[in-house]
Amino acid sequence: MDVFSVQQLVSGEREERKVLGCGHGIPDPGGWPGDWRLGPHEAVAQERQRLEEEKRRRLERFKSSRINLENLADLENLVQRRREKRLKRRVPPRAPEPVVKVALTYQPQAQPGPVDLEAFLKAAAENQEALIDKYLADGGDPNAHDKLHRRALHWACLKGHSHLVNKLLEAGAAVDTRDLLDRTPVFWACRGGHLDILKQLLNHGAQVNARDKIWSTPLHVAVRTGHCECLEHLIACGAHIDAQDKEGDTALHEAVRHGHHRAMKMLLLYGAQLGVRNQASATPVQLARDWQRAIREALQAYQGHPRSRC
């Protein structure tokens, strides 16, 4: 029991640091002696009530935020508001960058210097007409060649530059000029498979049955490279279909050896002879049999090989 002094009783003052019933200097959390702390059951009930009240407030906020769509006007308002929200979230377009106008001044193209032989031959292969014109305008020889006797007309025929072929022929290039292997531009055109250039050369008087150092004809070259359009045009222009090279091979031998079935059928259609023998006394038929036998023997030799799947 607390003891009060006479002065405290007269003045009505109370020592705040004392708590009724405690008396050990502990501050009173309630402020008055009658305010006791709640028991465990009262605390649980109070917490449950607080949670239910919070839940009720959230439900009321949710219901108040929902929109009641009672008619078509409410739906249109909702769509309009959502469209406005999307427009607000959009990133504004960037301002166009200022266009800087640059004054274009005419600069005359620099005239090329003197074109040497190497540049002239390279220009014929790469279809650089300006260099060809410069070389010819400076008095260059259109029949000039390198150490392998390859001329500009050879390169233009191989690469398929028909415009340069016409320009060189008009400038005086020899249509049957030969390289170091005695191959004329017709050989090079057949090697490249350019039918239009082949027609140009033959129209300018090129020899259709010219022979190189191994006695091959343009027909042999067309068959070896598999250009059947050139092959057919050569035959139509009078090419010797059974002409033999130094090995005695005809165009039909070459078609069988290289496996060009279309060229072989075309040669047979135009009357190629099956009985012509080469230096090894082999006809095209025997050559085909030997070729098939070699393939069969190679396949049989590898039958049962650990790397083969049989």
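1. A term to begin with: buried means under 20% relative accessible area, exposed over 50%, and partly exposed in between, with a 1.4 Å probe and protein chains only. Helices (H or I, at least four residues) and strands (E, at least two) are DSSP runs, numbered from the N terminus. With those in hand, helix α11 (residues 228–236) has Cys228, Cys230, Leu231, Leu234 and Ile235 buried. Seen down the axis of α11, these buried residues fall within an arc of 155°, so they line one face of the helix; the arc is that of the directions from the helix axis to the C-beta atoms.

2. On provenance: this is a predicted model, where local features need pLDDT of at least 70 and side-chain atom pairs count only at pLDDT 80 or more, while totals for chains, interfaces and linings use all residues. Residues are numbered from 1 along each chain as its sequence is written, and side-chain values use heavy atoms, with hydrogens and water left out.

3. The overall picture is helical: the protein chain has 14 helices and zero strands. Of its 310 residues, 27% count as buried. Taking contact to mean heavy atoms within 4.5 Å, residues 24 or more positions apart account for 60% of the contacts in the protein chain with a separation of 6 or more.

4. Back to α11 and its surroundings. The cover over its buried residues includes α8 (185–192), α9 (195–203), α10 (218–225) and α13 (261–269). After α11 comes Gly238, with a positive phi near 100°.

5. Now the core. A nonpolar core is a set of buried Ala, Val, Leu, Ile, Met, Phe, Trp, Tyr and Cys residues joined through side-chain atoms within 4.5 Å. The largest one here has 51 residues, and Leu201, Leu231, Leu234 and Leu267 have the most contacts inside it. Helix α6 (residues 152–159) gives the most to this core, with six residues. Beyond four places in sequence, Leu267 is in contact with Val223, Leu231, Ile235, Ile241, Ala251, Leu252, Ala255 and Ala272.

6. What about the cysteines: how many disulfides does the structure hold? The count is zero, a disulfide being a pair of cysteine sulfur atoms within 2.5 Å. The sulfur of Cys190 has its closest cysteine sulfur in Cys230, 5.1 Å away, which is too far for a bond. Cys190 is buried, with a relative accessible area of 0%, and Cys230 is buried with a value of 0% as well. Not counting residues up to four places away in sequence, Cys230 touches Cys190, Gly193, His194, Leu195, Leu198 and Ala222.

7. The elements that give two or more residues to its lining are α8 and α10; the lining residues include Phe187, Trp188, Arg191, Val221, Arg224 and Thr225. On a 1 Å grid over the protein atoms alone, a pocket is an open set of points where a 1.4 Å probe fits, with protein on both sides within 12 Å along at least five of seven lines, and lining residues have an atom within 4 Å of a point.

8. Lastly, a loop residue: His161 lies between α6 and α7 (162–170). His161 is buried, with a relative accessible area of 15%.
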